[in-house]
Amino acid sequence: MITWMPERRAAVFHAVTTRDELVGAFAQMYPAIWDALQEQGPPDLGEVVAVYHSISDGALVLSAGMEVADDFEPAEPLAPLGLGGCEAGMIDHFGPYLFDDFRETQARLETELAAQGRAPSGMVVERYLTMPDAEPDQSKWHTEIWLPLA
């Protein structure tokens, strides 16, 4: 589905990792992001996000973090990242937070976009709407996958 991706800001860490190391990278990054945000005291936090700037067989260039209010300016070790404010394809994913499952859902969206003559810019934004500690049933975990359009 093509829609307007609302403009959002996130406080993130940047990383380069591999598919094999992704779970471990996230396991290190998200607690450190949370700790840094608690120290910096942003007024409002939004959804947890992962942004893939580049996905290849050898490396994943990504940013991981949390959405923050427009008036919050993250400080080191966090970096600000602007998202959205553009047309994008969006699809809902339900199920475990597994890289290959997300890529299958993303492929369905890419097929739909191609049928409409549209091409993604290359960036992939995942917004995790369900936190695993709040919902033990993985089949109910909800993620939005956004593909900003070129």
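This section describes the salt bridges of a predicted model.

Six salt bridges are present in the structure. One of them joins Glu73 to Arg9, with 3.5 Å between the closest N and O atoms. The two residues lie 64 residues apart and connect distant parts of the chain, Glu73 being located in the loop between strand E4 (60-68) and strand E5 (79-83) and Arg9 in strand E2 (residues 8-17). The relative accessible area of Glu73 is 53%, so this residue is classed as exposed, the cut-off for that class being over 50%.

A salt bridge is also formed between Glu67 and Arg127, whose closest N and O atoms are 2.6 Å apart. This pair likewise links distant parts of the chain: Glu67 belongs to strand E4 and Arg127 to strand E7 (residues 124-128), at a separation of 60 residues. Glu67 and Arg127 are both buried. The two residues also take part in a network of salt bridges, in which they are linked with Arg8 and Glu144.

Strand E7 also contributes Glu126, which is paired with Arg103 in a salt bridge with a closest N and O distance of 2.9 Å. Arg103 is placed in helix H2 (residues 99-115), and the pair, 23 residues apart, links distant parts of the chain. Glu126 has a relative accessibility of 0% and is therefore counted as buried. Arg103 is also counted as buried, because its relative accessibility is 14% and the class requires a value under 20%.

Key. Residues are numbered from 1 along each chain as its sequence is written. This is a predicted model: local features need pLDDT of at least 70, side-chain atom pairs count only at pLDDT 80 or more; totals for chains, interfaces and linings use all residues. Side-chain values use heavy atoms; hydrogens and water are left out. A salt bridge is a side-chain nitrogen of Lys or Arg within 4 Å of a carboxyl oxygen of Asp or Glu. Helices (H or I, at least four residues) and strands (E, at least two) are DSSP runs, numbered from the N terminus. Buried means under 20% relative accessible area, exposed over 50%, partly exposed in between (1.4 Å probe, protein chains only).
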